[in-house]
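Q: I would like to learn how to read the places where parts of a protein model touch. Where do we begin?

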Amino acid sequence: MHRKLLFVFLCLLLAFSLAGCGNSETASQEEDHSNSGELKANLKIMWPGTSETEKEVAAKLKEKVESDYSGINIEFIFLSWSDMEQKMAVMVQSGDSPDLMMVQDITNPVAMDALEPLDGYLNDAINEEKFIPAAWENMQSGGTLYAVPGLAIIYSHVLNTQLFEAYGIDTPETWDDVISASHTLKENGKYGYAMANGGEGRFAFRDFMMVSLSNDLVPDQVDDSNKEKYLEVLHFFNDIAGDMPESQITWEYPELFKAWEAGDVGIMHTGNYFTANVIDHGNEAMDRTRPFAFPAGPSADKPQIMVGAVGMAMFKDSKHKEAAWKVIEALMSPDMLAQWGGSINTTAANFVETAMLEEVAESVYPDVYKQHVALSQKWSELAEQYGVPMPKILMQNQMEKVVQSALVRMLKREITPEEAYEEIRNGIEKIKEN
Amino acid sequence: MVAVMGVDIMFDTIKLNFKKFNIAYMFILPTLLYLLVFQIYPLVESVRLSFTDLSFIKPGSGNYVGLENYKELLFRDPNFWTIVLNSFVWVLASTVFQYALAIPAAVILNQKLKLRFLWRGLMMVPWVTPVVIMGLIWKWIYDGDYGLLNYYLNTDIVWLGDSTTVWPAVLLASIWKGLPYATIMVLAGLQGVPYSLLEAAYIDGCSKLQAFYRVTIPVMMPILVVSTMISIVLTWTKFEMIWVLTAGGPGVETSILPTYIYTKAFQNFDMGVGSAVAVLSMFAMIVFVVIYFKVLYRLNND
Amino acid sequence: MSHRKVFNKVLIYASLTVLMLFVLLPNLWMLSSSLKTDQEIFSVVPNWVPKPVTFEHYKWLITSIDLNFAKLMYNSVYVSVVTALMTMLFAATGGYALGRFNFPGAKSIGLFLLLSQMFQGPLIMVPWYQMAASWGILDTKLVLILIYGTATIPIGVWLMMGFFRTLPRELEEAALIDGCNKLQTFYKVIFPLVVPGLVAVVLYAFILSWNDYQYALILTNSTEAKTIQLGIAELMDSMGKANWGGVMASGVATTIPVIILFAVIQKQLIAGLTEGSIKS
């Protein structure tokens, strides 16, 4: 028995000594400046923009920074958006965080206490006045700025003009209009409304959140005072359940966009990232897509257009904050932003000339360039008129699953809207409790 | 005095055993050392975390909470037991079907065929195709509106969305993915069957099928036992195929233990609970392994 | 040829066809998609023959600096081959020990090997990252080889244990009588007989390393160590224009070398073995 214990003990000792207690590593604080006063740093940047055009932006950024500051060396960590939080969490938890990160939703990294507040760094070139307010606000938490927005993501619903014209339907102005339009399309063998309810639940939640916002409700507000609004939203979806494709329960964006491209769907949600998503499916879809503000619901008086952002954040544990800020400055220059914004949608900054964006867009989307620009403008107009910052919900990933599950079962007619509400409410309250 | 004698006896047995089995100890040592160096720390750390409330998104968490995570999972989590059940069914069905197909597949590939090397090579295809792409293609096969399966069957079933078809659908994809492994193992096992034994069986008047049951299968038994065991353990811990097809959803409907671990640990950032799921999962596996060997032992003795 | 023989032949080739169809169908779609234009890939009506056939995706694959296909493939092959060879060594020795000797502790060790596999996966990423960081081997091929070893070695030992047990007991006794010592017995008599098992183990280790995504994602950053699996995933999930044709083409291009490799290995090693067993 003792022999066994001794053996186990020795094994543990060996393992721990070899593991070297990863955290207690005494990494020496590297100097930000060399003797000549020049900035010196090796920077690691998490860059989830992995399409060809976004990697071009990365290459240009590297070139620009390294030529301006010969002591700075940039290393990109390319990875996909869906993997980024996991890798970031592991790195931060291991005390080895990178220096900078592209970010869409700052909620989790802020909760991890991983990000550097940036208010102290702002200057004449980068400050609140130079950016779209909703995008700026989206990168803030509790009034503190944690990332500088580069792209503005404007989410809205779109309608299929071809179908709407063919069946004489006007652009909906109330929820009832949406419902009747949806019914009409269904009667004519089309899907009135479609959403991507598969995968991890992100897209289902996004759609749900957009409709909720237009009823003046944020989906994590499940208290009694919001019960009525909540039920209105659920009843809305319930009313059009029969008009939606059954198979959407397994869909993510690629399948949803495929259905859109096939011309089978009357209304869906998307955003100003639309072109990049739909372009593989054919160009015809660009001509018959029109963004519109989802009408105000019974409890609201005006539509709300959700505006998110893609920004650049700095890590609290970065050892080269001064150099890291230089990178942010370089990225926020008009030519870099034009390159970045033009290849996807639109920038969050107001100092980039439209002509520059359009020039980039033309090179990225040569066949649908005009349509792309027209759509982008439409989205920008919507954002100006109705834009609100995308709500930041702590532990949204967990709530996504709760909402997805309840929504799917309600749409399959397995539960009533009232039961769905109870399920969502209990689920979300439990998540908040923890 | 007694203690000293005990120690003496202990050392004697060690010496004796060492002499008798010196080569065995010598041969197993590298493996043990490797695992001690590279596997023990992560393992111990995971078990330790299961007794803490560590959450990445709660700075300052990571305090000892005793059995709290386990109580939460076993008694209060409404999903946990469904997921455990899902896992058992998933593992059993995957393994049984995989081998039910792999044995005939290996027998075919063991015949004298034209271009046999090519067929054996192609057999590997599902195993080596990147899972992310396979997820894409299987989803397209199963899609309710634009799917290949519905197109050719002339149906409109949402294969991955209907609670009656989702498990068979995911299972088929998983069997497809796992078939090459099982087939290769059986194929390798078939090579070890001495032809002289088969010949003897034929002389005794056995048909090919009878010879297969009476000679081939018994000779291959150790390999079958081990490789099915490994299949079970791997299916128990791997989840890529389910993840790319349904992500364990909607909700947790198609979740199994490993997807649950992933969700808890890296989507909810709740390492404490995630680790506790992993520890419970290990215990469940132990039970499974023990039952498996008991059943086999009984079958062997009958 | 008698009727019966003809019938058998037909039966065998018919079953082979069914088997190959089942195994290959999804990949044939991948192959066909990789030869289509971007628009045709998403065509609503399934068509198996691309019209027109285009090689632009393969051209892209070879020329793209962004993906750096050749480098990532090299990394994948390097890591998988080294892992496979390393696993072979450990598995041959460890499997022999557990499979042929009933020494005290053998059963516990066997169980421990199996249970150590229960903590494979995302959960061990944080401790592994810390270990790799403190050893200074993050973002190297070495760290991948080491972590793959923790998954392939125990399984390899188990598999070899099974293969060693299929051999008749008398072999060693006969060898000892012939005057071989224990080590000679192992590599002269026993070892040649389990070569097919070793091929299976090598293959298993190779493919496990080849298919890994999770570990490489966390432990590598740069093209110096990244594997092709990460490269492909990056193509599929971004805000900008996705390159589905490129994804399909890279899928085909990553699959084919492994298939060729296996076709070659199996031919030489399985053939060699059959000779060996006939002699014994």
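A: Begin with a term: a salt bridge is a side-chain nitrogen of Lys or Arg within 4 Å of a carboxyl oxygen of Asp or Glu. Keep in mind that this is a predicted model.

Q: How many salt bridges are there between chain A and chain B?

A: Three salt bridges are counted between chain A and chain B. In one of them, B:Lys139 pairs with A:Glu255, and the closest N and O atoms are 3.7 Å apart. That distance can be checked against the cut-off of 4 Å.

Q: How many residue pairs are in polar contact across the interface of chain A and chain B?

A: Ten residue pairs are in polar contact there, with both residues at pLDDT 80 or more. Several elements of chain A give two or more residues to the side that touches chain B: helix H1 (2-19), helix H3 (81-93), H4, helix H10 (253-261) and helix H17 (396-411). The largest share comes from H1(A), with eight residues. By class, that side of chain A has 19 nonpolar, eleven polar and twelve charged residues.

Q: How is the size of an interface given?

A: It is often given as the accessible area lost when the parts come together. For chain A and chain B, the buried area is about 3,500 Å², and carbon and sulfur atoms give 62% of it. A count of residues can be read beside the area: 42 residues of chain A are in contact with 35 residues of chain B.

Q: What is the area buried between chain C and chain B?

A: Chain C and chain B bury about 8,700 Å² between them, with 82% of that area from carbon and sulfur atoms. On the side of chain C, the residues that lose the most area to chain B are C:Met118, C:Phe119 and C:Leu123, and together they make up 9% of what that side buries. In residues, the contact takes 96 from chain C and 97 from chain B.

Q: How many salt bridges does the rule find across the interface of chain C and chain B?

A: The rule finds zero salt bridges there. Polar contacts are a separate count: between chain C and chain B there are eleven residue pairs, both residues being at pLDDT 80 or more. Helix H13 (residues 244-279) of chain C gives the most to the side of chain C that touches chain B, namely 16 residues. The classes on that side of chain C are 70 nonpolar, 22 polar and four charged residues.

Q: Into which domains is chain A divided?

A: Chain A has domain 1 (39-152 + 309-369) and domain 2 (154-306 + 386-433). Their C-alpha centres lie 30 Å apart. The contact between them can be read in the way used for chains: 19 residues of domain 1 of chain A touch 17 residues of domain 2 of chain A.

Q: What area do domain 1 and domain 2 of chain A bury between them?

A: The two domains bury about 1,400 Å², 58% of it on carbon and sulfur atoms. In domain 1 of chain A, A:Thr107, A:Tyr365 and A:Val368 lose the most area to domain 2, together 33% of what that side buries. Zero salt bridges are counted between the two domains, while six residue pairs are in polar contact, both residues at pLDDT 80 or more. Helix H4 (107-111), helix H5 (133-138) and strand S4 (140-141) of chain A each supply at least two residues of the domain 1 side. That side divides into seven nonpolar, eight polar and four charged residues.

Conventions:
Residues numbered from 1 in each chain as written. Chains lettered and ligands numbered in written order. Heavy atoms only, no water. Contact = heavy atoms within 4.5 Å. Buried area = accessible area lost by both parts, 1.4 Å probe. Polar contact = N/O pair within 3.5 Å; in protein donor to acceptor, adjacent residues only side chain to side chain. Helix = DSSP H or I, 4+ residues; strand = E, 2+ residues; numbered from the N terminus. Nonpolar A, V, L, I, M, F, W, Y, C, P; charged D, E, K, R; others polar. Domains from an automatic or database assignment.
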